[in-house]
Amino acid sequence: MQLNVTPTIMQNKPKNMNDKIVKIVLLSFTLLSSSFIFIVAGTILLKGITPFITQNLGLGKVSLISFLTGDTWLIGEAFQSNLYSVGFIIVSTLMIALLSLLVSFPIGVLTALFIAKVALKRLANILRTVIELLASIPSIIYGLFGAGIILNLVYNLSAAFGYQSKGGNSMLASVLVIAIMTIPTITSISEVAIRSVDKKLEEGSLALGASKTQTHFKVVLFAAKSGIFTSAILGVGRALGEATAVSLVAGGRRSGYSFDLLDTTSTLTTIMLEGMKETTGLDYDIRFSVGIVLIVVIILTNLILNWIKRKVGNVDVK
Amino acid sequence: MKKLFGIVLLTLALTLSACTNAEDSFDETKNITVYTRDTTSGTRAGFMEGVGFADAATNDSLLVQGFVIKDNTGIMTSMTTDQFGIGYVSLSSVNNTIKPLSFEGVEPTLANVINDTYGLKRPFMWMTRDASDYANETIEAIVNAFIAFLGTTDAQDIINNNGAIGLSATQSWDDIKSNHPITQQDNTGVVVRFGGSDSIQKVAEALTNSFVSKAGNFTAEHDHTGSGDAYKRTQDPAIKDTSVGKDVGFSSRYFKDSEKVGVEAMNMGQLAWDAIVAIVHKDNPLINVTAEDLKKIYEGTFETWSDLLD
């Protein structure tokens, strides 16, 4: 033992040097990656504010209040008018996100419960891989599926009820596509949360005479609620941020508050995406303003959901 | 058991498809669902101008309430689903899954576009960088040769074979190639960048495919992002020298006045026409529309199919 001490002390100096170098390298990478958020947010903010503070090459300032509350994307001719507004789109974006959560949350959590607690180990492993695969499928694929299958489904379904939908392009189709996309996110995170629930809680419940089903629903899910809630928050995040897939099934609504599930709709992301590549001037800059609105909507939603999560509280989780 | 289940499923599927086939009768009392491209689309500009509703090319608030915005593919697939929809696409997109409508009594065929009887069409334009604004002289010479090539019978044949209509040409490439000595040397490794309208991508790629072998095997790089980028990426000082800059840009509409500022007349021109076709679902009994019909549909005067069919 004594013999080993000396070489350690002797090596101390270069070792410290190495540690320092590694520390500096790691720090610089961290600074680099975290600075991107400021660069990105800064650019969006700077570009997004221009429509409200400059004359937009003679078109005049965009009014912030009517931008946030109006019910028509653009009154007048593109490139000739400054009467943009996204009020009705904010509402439909939130509505689509929450409705899709209403579909995906129960399905996702119950799937997670099955994989974590009920399924045999081998089946659980297969299912887990399948869910991870689903989570990694690019959104455009879900969009193509939506445009090819879900639009048809919605169109025929509404026709069966005697309602003439617009080729299926609707809020309902958007909700279904987003729900399908968010299920894997919700499932994989909930599953981890459910698996982290202390075995003792479960055993205690079983020992007190509760059945397995009672234990799963009343003890396990309850104990994992914090993690499950996190999955819902991430699900909402994905729903709010999804553009490509939704733009293929939303139908591109341009005016009017609408709560009709079978009528066309728009989200903040689709309005940014549509025509982005072919436009210039104010019509281009205004999409950055929509970006700011989207960021604010996402931050507010996250804050509210996190506040609810804290209220819901946490139970004994490893 | 599995077999039985399969048979049941098969019969169910067959009955269901039989059901849809049986719905031959077209319910004229249904509302017309109007499909359109978004305001930045060159096809939309071409269509709206063609039907005498040019104001609506960039103005959604003039269109009928409750229209649906889709891209080219989106409109095509929607017309296979939505019995009561109407939309418009380029002639080159038309296939037998939908029903193309005659315009003013003229069928939308390639022949009718070439003999100039079909009226609903838009120009395909090109724009290049300014003289001596290229990365090097070789690229500039190749671009100049390519522009000359566009005016030959060889190029116009290629354009016609790709769903667009070529302008009339008299000279062949063999007649004029001696004016462009650059095409006689080996240009392997020289990259010429093409961009602009994605509606023209198919035609542009066919043109460069043929021209590459005629001009010393240079590399033609295609990156088509939209008509707006034809000007922006070849001439806009803020963009043309960035990584997305292009040597030749294509536009599927006439250049706007704002895009022509400071661009020499010799650096832009027309290479072809493209026809736009109004399309409906196959079950729709409609065969012909007039410009006025289409305008009335898109502005909302005609609300149900009976307005149009009677």
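Colleague: How many residues does the contact take from chain A and from chain B?

Modeller: Contact means heavy atoms within 4.5 Å. Here, in a predicted model, 28 residues come from chain A and 31 residues from chain B. Residues are numbered from 1 along each chain as its sequence is written, chains are lettered from A in the order in which they are written, and side-chain values use heavy atoms, with hydrogens and water left out. Local features need pLDDT of at least 70 and side-chain atom pairs count only at pLDDT 80 or more, while totals for chains, interfaces and linings use all residues.

Colleague: What area do chain A and chain B bury between them?

Modeller: Buried area is the accessible area (1.4 Å probe) that two parts lose on being put together, summed over both. For chain A and chain B the value is about 2400 Å², with 44% of it on carbon and sulfur atoms.

Colleague: Which side chains meet in a salt bridge between chain A and chain B?

Modeller: A salt bridge is a side-chain nitrogen of Lys or Arg within 4 Å of a carboxyl oxygen of Asp or Glu. The rule finds one across this interface: A:Arg254 with B:Asp60, at 3.4 Å from N to O.

Colleague: What else does A:Arg254 meet in a salt bridge?

Modeller: The side chain of A:Arg254 also meets that of A:Glu274, at 2.8 Å from N to O. These two residues are 20 residues apart, A:Arg254 in the loop between α10 (244-247) and α11 (268-273) of chain A and A:Glu274 in the loop between α11 and α12 (281-312). Helices here are DSSP runs of H or I with at least four residues, strands are runs of E with at least two, and both are numbered from the N terminus.

Colleague: Is A:Arg254 buried or exposed?

Modeller: Buried means under 20% relative accessible area, exposed over 50%, and partly exposed in between (1.4 Å probe, protein chains only). A:Arg254 counts as buried because its relative accessibility is 8%. A:Glu274 is buried too, at 12%.

Colleague: Where in chain B are B:Lys296 and B:Glu292?

Modeller: Both are in helix α11 (residues 291-299) of chain B; they are four residues apart, so about one helical turn separates them. B:Lys296 is partly exposed at 25%, whereas B:Glu292 is exposed at 52%.

Colleague: Which residues are linked in a network of salt bridges?

Modeller: The network links B:Asp223, B:Asp229, B:Lys232, B:Arg233 and B:Lys246.
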